[in-house]
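Please prepare a short briefing on the structure shown below, covering its sheets, its nonpolar cores and its aromatic pairs.

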Amino acid sequence: MSAVFWVNPSAAFALVALAIPVLVHVLARHRAPRVAFPTLRFLSPNRMASARRRTVEDLPLLLVRLLILAAAIGAAAGPFLVTSARRKAWDSTIVSALVIAPSVPAPADGRAFVAERLPDGMARAVAWLDRQPPGRREILIRSPFPIGSIDSSDIAGVPSHVGLRFERVGALPTERTVDARPVFSERPGDRTVVETRRTLTLARDGTRVRDTESAAAAMPVEIVDDQKHPGVASAVLQSVLEERVPVPVAGRRARVVLSGGEIAANPSETIREPWIADAAAAIRRDLARDNDSTATRFSESNGQLVVSLNAQESVATTARVVRAVFAAMAPPAEIPGAEVGGISDAQLAAWSRPAGATPPPAQNNVTDDRRWLWGAVLVLLALETWMRRSGGSDSSARTRSEVARVA
């Protein structure tokens, strides 16, 4: 079964131009031919009235001109005849792109996408496949496949008609580096609060932590002492920063109030903000896990978490509560596959898939059949020129013969 595919179907809007030849034939003014006549004495005078032509004359010439325009517009739209033979040829062809890790030897012909990150190489391979002639597509990936080099989201980013194959080649690295959560700490000397970016190097002999960047930062947790005990709030903050607490999610803030009097055990006022409710529950769990029976009260004020506890508690107890507040507001610690190892063969097999059906041809990867329409345009132009010239000479001859007959 054959079908016509248009590479540039938007060109069909130009079909409105077919009205131009019709308007030209209807509105064009024809000049009357001047004919030499010996005398007018034998012609009786008559009153002549001007008349405007409202009908289409020379219908064959009009049809040829309409066909010229229609063929040119069709050629601009880029027709492509998809026959069963063409479809069969496409489905029997597999266009393959090779993506390799830097540690994998490149093929002799050098035709491979080498990428530090396999997802980047896969994206480049997909873009290259889109420019290739019609055929089934697949991506072959060669790598040791260490944990974290590729995941399900990267697989989902590849179009479903593109097949995926994986070949484990090369040795796994002895270590790998992942980003860790940034932390707050206190700069030695001037006691400025700084935010430190950290990376973890996972190796077979252990994990190494490296600080990569530090910058002064504003504290998202405020410690308020209602009883005005001198130095308690600063002592608590110093104790907390000595252990490097995690940086909370942007926009989350809290206030720890050291209030006088007894605090009822774990009561909570009405809390409407979801993250504040989750943080209050997380703080309770942390204190319970440490067998900490410190009485706390949780509330919400202007979009921030308020934690109240007895000002008579020790600095160590209060610092433990403040650390729990920081941990509750921080993003979850996600170190995917925190080990040096490879993606399992079972997982690679689950991600593998055969090449799908040939996608429809695109403007940049197919040689369409518009040349036949352009050829038809040239033939029709020659025909239109011949009809116009022969029609004009016939009209002049017909006029001279009529004048001669009247004479």
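A residue is called buried when its relative accessible area is under 20%, exposed when that area is over 50%, and partly exposed in between, with a 1.4 Å probe and protein chains only as the basis. By that criterion tryptophan 351 is buried, with a relative accessible area of 11%. The model is predicted, so local features need pLDDT of at least 70 and side-chain atom pairs count only at pLDDT 80 or more, while totals for chains, interfaces and linings use all residues. Residues are numbered from 1 along each chain as its sequence is written, and side-chain values use heavy atoms, with hydrogens and water left out.

**Overall make-up**

- The protein has 10 helices and 14 strands, where helices (H or I, at least four residues) and strands (E, at least two) are DSSP runs numbered from the N terminus.
- Of the 407 residues of the protein, 34% count as buried.
- The accessible surface comes to about 24500 Å², of which 55% belongs to carbon and sulfur atoms; accessible areas come from the Shrake-Rupley method with a 1.4 Å probe, and for residues only the protein chains shown count as cover.
- Among the contacts with a separation of 6 or more, 75% are accounted for by residues 24 or more positions apart, a contact being defined by heavy atoms within 4.5 Å.

**The parallel sheet and its helix**

- Strand 3 (residues 94-100) and strand 5 (residues 136-143) run parallel and are joined by 7 bridges, and isoleucine 100 has arginine 142 as its bridge partner in strand 5.

- Another open sheet of 4 strands has the order 10-12-14-13, with mixed pairing.
- Its edge strands are strand 10 (221-225) and strand 13 (296-301), each of which pairs on one side only, and neighbouring strands of this sheet are turned by 20° against each other on average, direction ignored.
- Strand 10 and strand 12 (residues 254-259) run parallel and are joined by 5 bridges, with alanine 254 in strand 12 as the bridge partner of valine 221.

**Nonpolar cores**

- The largest nonpolar core has 33 residues, and those with the most contacts inside it are Phe184, Val221, Ile283, Leu305, Val322, Val325 and Phe326; such a core is a set of buried Ala, Val, Leu, Ile, Met, Phe, Trp, Tyr and Cys residues joined through side-chain atoms within 4.5 Å.
- The elements that give two or more residues to this core are strand 10, helix 6 (232-241), strand 12, helix 7 (274-289), strand 14 (304-310) and helix 8 (315-329), and helix 8 gives the most to this core, with 8 residues.
- A second, separate core of 27 residues includes Ala97, Phe113, Leu129 and Ile150.
- Phenylalanine 326 is buried, with a relative accessible area of 0%, and, leaving aside its neighbours within four places in sequence, this residue is in contact with Phe184, Met219, Pro220, Val221, Val240, Val245, Pro246 and Pro248.

**Aromatic pairs**

- The structure holds 4 aromatic pairs; rings of Phe, Tyr and Trp (its six-membered ring) pair if their centres lie within 6.5 Å, and planes under 30 degrees apart count as stacked, over 60 as edge-to-face and the rest as tilted.
- Phenylalanine 166 and tryptophan 351 form a tilted pair, 6.4 Å centre to centre with 50° between the planes.
- Phenylalanine 166 lies in strand 6 and tryptophan 351 in helix 9 (residues 345-351), so this pair ties together parts that are 185 residues apart in sequence.
- Phenylalanine 166 is buried, with a relative accessible area of 14%.
- Phenylalanine 184 and phenylalanine 326 form an edge-to-face pair, 6.2 Å centre to centre with 70° between the planes.
- Phenylalanine 184 lies in strand 7 (residues 175-186) and phenylalanine 326 in helix 8, so the pair ties together parts that are 142 residues apart in sequence.

How values were computed. Two strands pair if DSSP finds at least two bridges between them. Axes are lines fitted to C-alpha atoms, for helices over the stretch in contact, and angles run from 0 to 180 degrees between N-to-C directions.
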